[in-house]
Amino acid sequence: MMKKYFQFLIISSLILISFLMPRPVEAAATFNDVPEWHWAYDWIERLYNAGVTSGCSQTPMLYCPLDSVNRAQMAKFLLTAIYGEGYTPPAVGNSTGFNDVPTDHWAAAWIKQLSMEGLTNGCGDGNYCPFDAVTRAQM
């Protein structure tokens, strides 16, 4: 368990460092609501190019930088950042392991896998709270 925790910390640190070191992006802005002068432009473009996010709208392409991210979305972001764009978590099976995440929830497989890897215990009382906003402290 401790080994898995340290592996997660190392992988997470490397991912965060790679995203915190912005590099100039040569192409035009991907998202209509994130102009090149936006303070997070380089990071957002890198997340998009790495397949971690596709934004909040495809027509038109929007990122919605002022919107909060909920715990269900964060489960997908984390696993995609760790395993890459093509990663798909295993099938959910009969239970997600959380009282408030039904097996037909869009992020059920992502949430269950995040838990199976020991990266979350949910929010307490057997729940995951998929619609709660992710706080900076939880990040």
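Among contacts between residues at least 6 apart in sequence, 57% join residues at least 24 apart in the chain. The model is predicted, and its chain holds 4 helices and 2 strands. From the N terminus on, these elements follow the order α-α-β-β-α-α.

**Burial and surface**
- Of the 139 residues in the chain, 31% are buried.

**Packing of H3 and H4**
- Helix H3, spanning residues 71-83, packs with helix H4, spanning residues 108-116, at an angle of about 65°.
- The axes of H3 and H4 lie 8 Å apart, and the crossing of H3 past H4 is left-handed.
- On the H3 side, the contact involves Ala72, Ala75, Lys76, Leu78, Leu79 and Thr80; on the H4 side, Trp110, Ile111, Gln113 and Leu114 take part.
- Sorted by class, the residues in the contact of H3 with H4 are 7 nonpolar, 2 polar and 1 charged.

**Nonpolar cores**
- The largest nonpolar core has 14 residues, of which Ala75, Val101, Ile111 and Tyr128 touch the most other members.
- H3 and H4 are the elements that give two or more residues to this core, and H4 gives the most, with 5 residues.
- A second, separate core has 6 residues, including Val34, Ala40, Tyr41 and Met61.

**Surroundings of Val101**
- Apart from its neighbours within four places in sequence, Val101 contacts Thr96, Ala108, Ile111, Tyr128 and Pro130.
- Among these partners, Ile111 and Tyr128 are listed with Val101 as residues that touch the most other members of the largest nonpolar core.

How values were computed:
Residues numbered from 1 in each chain as written. Predicted model: local features only at pLDDT ≥ 70, side-chain atom pairs only at ≥ 80, totals over all residues. Heavy atoms only, no water. Axes fitted to C-alpha atoms, helices over the stretch in contact; angles between N-to-C directions. Left-handed = near helix turned anticlockwise from the far one by under 90°. Contact = heavy atoms within 4.5 Å. Nonpolar A, V, L, I, M, F, W, Y, C, P; charged D, E, K, R; others polar. Buried < 20%, exposed > 50% of the residue type's maximum accessible area, 1.4 Å probe, protein only. Core = buried A, V, L, I, M, F, W, Y, C linked by side-chain atoms within 4.5 Å.
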